[in-house]
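Hello,

Here is the structure we talked about. Please open it next to this email and follow along.

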Amino acid sequence: MKNKLKKALLFSTLFILGYTANAQGCSDAGFCSVGNTFKDAQSEIKNSIEIGGVYGVGEEDVTVFSPYAIYTRIFTNRFAMSAKLTATTANGSFGTISNLGDVFVTGNYKFNTGDYDKSKWSGILGVKIPLTASNDKINNFSLPMPYQSSLGTFDVITGLDLAIKKWEFSTAVQIPLNQNKNSYLSQLAPTDKFDSTNLLERKSDVLFRATYKIKTENQKFIFRPNVLFIYHLGKDSFENVFGQRQTIQNSEGLTINGNLITSYRLSEKNYIEASIATPFVVREVRPDGLTRAFTIGLSYKRNF
Amino acid sequence: MKKLFFLIGMTFFFSSCEKEGVLTKGSNPIPTINNTAVLKYSGTFVPTSGITVQGNVNIYAQGNKYQLQIENITITDGPDLKVYLSKSDTPSSFVNLGNFKGNGTSVYDIPAQVDVSEYPYVLIHCQQYNHLFAIAELISKQSN
C-alpha cells in the first residue's frame, strides 16, 4: 500500500515538474470557467457561495496566487446570476505585489431543462469590470503584465453551453472594450525579459471546452477532465517610447489547455473542489501576462 | 455563514500589499550627470491649470549621449506621471523618458536615436488620466 502511495506521489510530482519546465497557458479563471453556474445544483438550492484560490507558475520567475469569491443566485430553474471577485498576489524579481483584480457579473439562462438523455442548452452573458488599471508599480517601477492583478479592461463575455449525458461542450467569446493603462516599456525597465505593454490594446479571445463527467458510485466524487481551446483573434499592440502604436508580432493564435477538476461532496450542501491545469499548445508571444506553466486550484462551495 | 464572509474579507484585506524585489530596490544604478558633460538646453517648468510647479530642466551632452536633468522640482502629486521630450507643448509627438522620479533632482537617459534639437519642450504628463501637469520650453545654451 505504502509503495503504491509513493508511486502515486512520485508520478504526481514528475507530472507537475515536467509541465513546469515546458508549458504555458490559460489562467483567467473568470473566462476559463464560464458555464458553471448550474452544475450539480439541486432544485431546492437558491444560493451558493464559493471561495477558492489558484496558485500558478507564470512567466520567467513569476508565481501567482489568485484568491476569489463567487456568489450565485438561482432565480428560477432556468435563470441564474453570479458575481465573482478576484484578487492576485504576484511574486518575482520585481518584488511582491497584491491587489484586487476584477468583478465578473454573469447571467446564465437554460434554454431547456430536458431529461438526462436529451441535450441541454444554456447561454451566458456577462461583463468583466476591472478593479485596477493594470498599472501597478513597485518603488515607482512600472510592472509588466504578469505582475498585474487585472487585464485592466472592461470585457463582454458571451457563450453557449451544451450538456448531453456525461459530456459538456462550452463555447464563449471575450471581447475587451478598451485599452488598459499599463505603462511597462522594456526599454525603460531593468530587464528585457518581458514584452512592452504600455497602454496595451488586447484583442478578443474565443474559447471552446469539452468536458467529460465521471461520478463515483457513492456520488461523493465527481471528476471532470476537460480540454480547453482558446484562440486569440488578433495581434495585440502597445504604445512605444515615441508615442506610436506598435503591433506585437505573433501574439495571436491558439492555446490548448488540459484541466482536471475533482469535486468532493462533504455533505448535502458542502463541496470542495481541486483542479490542476496545464497548457499543451501556446501562442508564440503572450504579452497579456496570463501565461502559466501550470495551475493548481482549491475551492470550497456551500449551497444554501 | 458569518465565518465564511469573515474569511473572504480577510483574504482580500491581506491581498493589498507590496514589497520590493531585486529589480526594484533603490540600490539599482541611478543615472547621474558626469562632471564633464556639456549643458546644451535648459528651461523652467510652468504649470497647467490647477497644478503648481517650480523647477528647472537641463539637457546635457557627453559625446553622443544626451541626458535630461530635472532640477529642484516641486510639483503637485499625481498618478502615473511621465517625463516626455516633446515636439510641441502638448503630448502629441514625443519621446517617453519614463516615470517621473519625484520631487527634487533626477536624471533621465535620452535614447541614442533621438535628435534632441527636434524636441523643444519637456512635459510632465499623467499618462493614466491623460492630463498634462507642466511644460518647460527649452532654450539652447550654445550656438552650435
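**What turned up in chain B**

Start at B:Leu68. Leaving out residues up to four places away in sequence, B:Leu68 touches B:Val57, B:Asn58, B:Ile59, B:Val83, B:Leu85, B:Leu97, B:Ser106, B:Val107, B:Tyr108, B:Ile110 and B:Val122. Keep in mind that this is a predicted model.

Now look at the core. The largest nonpolar core has 28 residues. B:Leu68 is among those with the most contacts inside it, along with B:Phe45, B:Ile70, B:Leu85 and B:Ile124. Several strands of chain B each supply at least two residues of this core, including S2 (38-47), S3 (53-62), S5 (81-86) and S9 (131-137). Which strand gives the largest share? That is S4(B), with 4 residues. S4 runs over 65-75.

In general, nonpolar side chains tend to be buried together in soluble globular proteins.

Next, the whole of chain B. How many helices and strands make up its secondary structure? The count is 1 helix and 10 strands.

Some totals for chain B:

- Chain B has 144 residues, and 45% of them count as buried.
- Take the contacts between residues at least 6 apart in sequence: 59% join residues at least 24 apart.
- The accessible surface is about 7,900 Å², with 53% belonging to carbon and sulfur atoms.

Best wishes

Technical notes:
Residues numbered from 1 in each chain as written. Chains lettered and ligands numbered in written order. Predicted model: local features only at pLDDT ≥ 70, side-chain atom pairs only at ≥ 80, totals over all residues. Heavy atoms only, no water. Buried < 20%, exposed > 50% of the residue type's maximum accessible area, 1.4 Å probe, protein only. Contact = heavy atoms within 4.5 Å. Areas by Shrake-Rupley, 256 points an atom, 1.4 Å probe, with all protein chains shown as cover. Core = buried A, V, L, I, M, F, W, Y, C linked by side-chain atoms within 4.5 Å.
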